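This report covers one predicted model. Please keep the sequence and the coordinates open while reading.

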Amino acid sequence: MTSWTERYLAAALRSIPDPKRADLERELRSSIADAVEERVAAGEDRLVAERAVLEGLGDPAQLAAAYTGRPTYLIGPELFPLYRQFVPRLIAVVVPLAAVVMAAVKVASGGSYSDAIAAGISGAISVTIQVAFWATVTFVFLEWADSARKARTEIVSATGRWTLERLPDLSAARVTAKESVGEIITVLITIGGLVFLGSLGTTDTSGSEVPLFAPAFTDVWFPALLAVLAAMAVLHVMVFIVGRWTMALAVGHAALRVAFALPLIVLALNGTLVNPAFAAQIGWPSLAEADGPAMLAVAVGTTLVGGWEILKPFLRARRARGSGPLVGASRRSA
Amino acid sequence: MQMDELIGTHRQELRRGTVVLACLLALRTPGYGYGLLKTLDAAGISSDGNTVYPLLRRLEERGLLESEWNTDESHPRKFYRTTRAGSELAAQLLADMADLTASLRTLNGGTDR
């Protein structure tokens with residue numbers, strides 16, 4: 001077996017560029033020999049001395065990094081703030097887009113809606129991993145590659161200068177009376193709209209009533225959705241009292257949004273939202289069909305709007321975090 | 001973090017910047033890697049090979065040290081010597097060090113301890 005010193009030198013010199021390697025090897029060998037000789041002269045066993053000296057020098061990879069000046073990290077403090085800002089934003093933009101496209105492709109190629117939803121979810125997961133991976137690789141390249149040194153300097157100088165204007169606007173995190181009233185009015189209009197649609201209907205040739213909504217929806221889901229909307233109005237009153245979105249309120253809001261949107265989406269995709277008899281009577285039978293364009297539009301629209309509405313309070317809650325009761329107090333004085 | 005560990009970290013941090021100055025001062029008399037470690041140790045500035053050896057190379061690249069292989073002895077050794085630029089930097093750093101010590105003494109109410 002080769003000696004510990006030879007193995008140590010090989011490990012340390014592996015990453016040293018060619019022109020410097022020979023000289024460095026000679027010097028390192030001489031430094032190790034000096035240290036070993038001194039220990040041996042003091043009466044230590046040569047192998048024990050060699051071992052102690054090499055262990056004292058530490059991890060050869062660290063030593064090599066100290067010689068070359070190469071970083072011992074993937075992304076350094078200069079680029080890291082940019083990385084933290086950039087990657088989540090990139091994911092937030094690209095992933096929903098990709099999920100919608102993949103779901104749409106599934107539908108266009110004749111897949112069922114549940115297949116499309118599955119395709120959207122699995123697409124979102126794999127695109128998230130891909131985007132995070134390649135964005136990270138790009139940053140690591142910027143950090144490590146000698147050829148990227150100029151680009152790195154330019155990027156850092158273009159984005160790196162911090163100014164006061166970059167501070168988040170706390171007033172944007174505050175929930176105003178106007179805003180809360182607007183939200184509550186929106187909820188009331190939705191309740192009114194639902195009740196109005198529930199009263200819509202036509203009469204068939206025999207003169208009996210044919211309502212717009214399917215009977216099962218009117219009996220079970222209609223009152224449930226009205227209850228969810230009423231709870232939503234109460235929640236907006238609570239948000240106004242607190243003065244800002246908190247994580248707990250955002251979670252409650254998300255739960256109510258899901259409770260409202262999920263039945264609508266499922267019923268629309270099942271074809272049990274609109275009364276088939278009504279659709280037939282007005283001469284547009286595809287209106288009630290599970291795979292018709294009208295119900296697909298209802299499902300997709302509800303998903304997109306619901307998703308964005310669920311996200312908003314979380315963003316504002318995060319922004320308001322740490323601003324404490326000061327924000328509520330300044331609302332009164334404002 | 002344990003108190004001992006905390007104190008150790010801060011002492012190490014305080015000493016880190018002085019290793020360069022110590023090397024530049026010591027190598028006004030030519031010396032090789034391991035010999036320099038012993039010299040620093042004897043002067044009360046203990047440092048490790050994995051810090052000092054790469055530092056010597058960096059200081060040489062910046063023109064603060066110059067080196068020469070000596071093959072007269074039992075095995076070849078690379079001898080470093082502080083250049084004129086290195087001496088000038090050392091004088092500057094030494095003056096700064098004295099100023100800092102004076103400033104700290106003032107902050108401490110005019111005493112060393």
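## Model and confidence

Residues are numbered from 1 along each chain as its sequence is written, with chains lettered from A and ligands numbered from 1 in the order in which they are written. This is a predicted model: local features need pLDDT of at least 70, side-chain atom pairs count only at pLDDT 80 or more, and totals for chains, interfaces and linings use all residues.

The predictor's confidence in each residue is its pLDDT, from 0 to 100. Chain A averages 84 on this scale. In chain A, 94% of the residues score at least 70. Residues 325-334 of chain A stay under 50. For that stretch the model has 10 contacts beyond four places in sequence. A contact means that two C-beta atoms, placed from the backbone, lie within 7 Å.

## Layout of chain B

Chain B holds five helices and three strands. Its elements run α-α-β-α-α-β-β-α from the N terminus on. These are DSSP runs, numbered from the N terminus: helices are H or I with at least four residues, strands are E with at least two.

Chain B has 113 residues, and 21% of them count as buried. Buried means 20 or more other C-beta atoms within 10 Å of the residue's own; exposed means 12 or fewer, and partly exposed lies in between, with C-beta atoms placed from the backbone. Among contacts in chain B with a separation of 6 or more, 44% come from residues 24 or more positions apart.

## The sheet of chain B

The three strands form an open sheet in the order β1-β3-β2, with antiparallel pairing. Two strands pair if DSSP finds at least two bridges between them. The edge strands are β1 (31-32) and β2 of chain B, each pairing on one side only.

Strand β2 (residues 65-70) of chain B and β3(B) run antiparallel, joined by six bridges. A hairpin of six residues links β2(B) to β3(B). Which residue of β3(B) is the bridge partner of S67(B)? The partner is Y80(B). W69(B) stands opposite K78(B).

## Where chain B touches chain A

At the interface, 11 residues of chain B are in contact with 14 residues of chain A. On the chain B side, α3 (33-42), α4 (49-61) and β3 (77-82) each supply at least two residues. The largest share, five residues, comes from α4(B).

The chain B side divides into four nonpolar, four polar and three charged residues. Here Ala, Val, Leu, Ile, Met, Phe, Trp, Tyr, Cys and Pro count as nonpolar, Asp, Glu, Lys and Arg as charged, and the others, Gly among them, as polar.

## Nonpolar cores

A nonpolar core is a set of buried Ala, Val, Leu, Ile, Met, Phe, Trp, Tyr and Cys residues joined through C-beta atoms within 7 Å. The largest has 27 residues. C23(B), L24(B), L27(B), L56(B) and L65(B) touch the most other members. Both chains contribute: α1 (4-13), α2 (18-41), α3 (46-57) and α4 (60-68) of chain A, and α2 (18-26), α3 and α4 of chain B, each supply at least two residues. The largest share, five residues, comes from α2(A).

Leaving out residues up to four places away in sequence, C23(B) touches L36(B), V52(B), L55(B), L56(B) and L59(B). A second, separate core has 25 residues, including L212(A), I265(A), L269(A) and A279(A).

## An exposed proline

P215(A) lies in helix α9 (residues 215-242) of chain A. Is P215(A) buried or exposed? P215(A) is exposed, because it has 11 other C-beta atoms within 10 Å. P215(A) and T272(A) are 57 residues apart in sequence. Their C-alpha atoms are 8.9 Å apart in space.
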